[in-house]
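Please look over the sequence and the 3D structure shown here. The paragraphs after it go from one residue to the whole chain and back to details.

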Amino acid sequence: MQAKWIETFFDLLKGKEAHCPNCKSANLEYGYVLFEKNKTAGYGAVWCKDCNHALNLSRANVKNEDKVLPELPSNLIFS
């Protein structure tokens, strides 16, 4: 299942149509939380806003164009 989530995440980043590997919904989101403000390292997730299943993106190098969030949603179900 993790490989399907990774493929889904890259499709989402490329602007391609992507679907949740769990429920097939296209209602997906992703984002990162920085370890420290004004830094470029953090963690994140890609998740389905319908079924709440998600893939953890740990130890990521966050770029200026990436979505930075104050925190990840608390209801995510990590596979």
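Does C48 count as buried or exposed? At 0% relative accessibility, C48 counts as buried, where buried means under 20% relative accessible area, exposed over 50%, and partly exposed in between, with a 1.4 Å probe and protein chains only. The model is predicted, so local features need pLDDT of at least 70 and side-chain atom pairs count only at pLDDT 80 or more, while totals for chains, interfaces and linings use all residues. Residues are numbered from 1 along each chain as its sequence is written, and side-chain values use heavy atoms, with hydrogens and water left out.

C48 lies in strand β2. Helices (H or I, at least four residues) and strands (E, at least two) are DSSP runs, numbered from the N terminus. Apart from its neighbours within four places in sequence, C48 is in contact with W5, C20, C23, S25, N27, L28 and H53; contact means heavy atoms within 4.5 Å. D66 is 18 residues from C48 in sequence, and their C-alpha atoms are 18 Å apart in space.

Now consider the chain as a whole. The chain has one helix and four strands, and from the N terminus on these elements run α-β-β-β-β. The radius of gyration of the chain is 12 Å, close to the 12 Å that the globule rule gives for 79 residues, so the chain is as compact as a globular protein of that length. That radius is taken over C-alpha atoms, and the globule rule is 2.2 Å times the number of residues to the power 0.38. Along the principal axes, the C-alpha atoms fill a box of roughly 35 × 25 × 20 Å. Buried residues make up 38% of the 79 residues. The chain exposes about 5200 Å², of which carbon and sulfur atoms supply 47%; accessible areas come from the Shrake-Rupley method with a 1.4 Å probe, and for residues only the protein chains shown count as cover. Among contacts with a separation of 6 or more, 39% are between residues 24 or more positions apart.

The strands come next. Strands of a sheet pair through backbone hydrogen bonds, either parallel or antiparallel. Here, four strands form an open sheet in the order β1-β2-β3-β4, with mixed pairing. Two strands pair if DSSP finds at least two bridges between them. The edge strands, β1 and β4 (77-78), each pair on one side only. Between β2 and β3 the pairing is antiparallel, over six bridges. G42 has A60 in β3 as its bridge partner.

Which residues touch the most other members of the largest nonpolar core? That core has 14 residues, and the ones in question are W5, F9, C20, L28, Y32, V46 and C48. A nonpolar core is a set of buried Ala, Val, Leu, Ile, Met, Phe, Trp, Tyr and Cys residues joined through side-chain atoms within 4.5 Å. The elements α1, β1, β2 and β3 each give two or more residues to this core. A second, separate core of six residues includes V33, A54, L72 and L76. In soluble globular proteins, nonpolar side chains tend to be buried together. L28, leaving aside its neighbours within four places in sequence, is in contact with W5, T8, L12, A18, H19, C20, W47, C48 and K49.

Aromatic rings can be followed separately. The whole structure holds four aromatic pairs; rings of Phe, Tyr and Trp (its six-membered ring) pair if their centres lie within 6.5 Å, with planes under 30 degrees apart counted as stacked, over 60 as edge-to-face and the rest as tilted. F9 and Y30 form an edge-to-face pair, 5.6 Å centre to centre and with 75° between the planes. This pair links distant parts of the chain, since F9 is in helix α1 and Y30 in strand β1, 21 residues apart. F9 is buried at 7% relative accessibility, and Y30 is buried at 11%. The rings of Y30 and Y32 have centres 6.3 Å apart and planes at 80°, so this pair is edge-to-face. Ring pairs link F9, F10, Y30 and Y32 into a cluster.

Two loop residues remain. K24, in the loop between α1 (2-13) and β1 (28-34), has a phi near 75°, a positive value in a residue other than glycine. K24 is exposed, with a relative accessible area of 56%. N52 is in the loop between β2 (41-48) and β3 (53-61), and its phi, near 70°, is also positive in a residue other than glycine.
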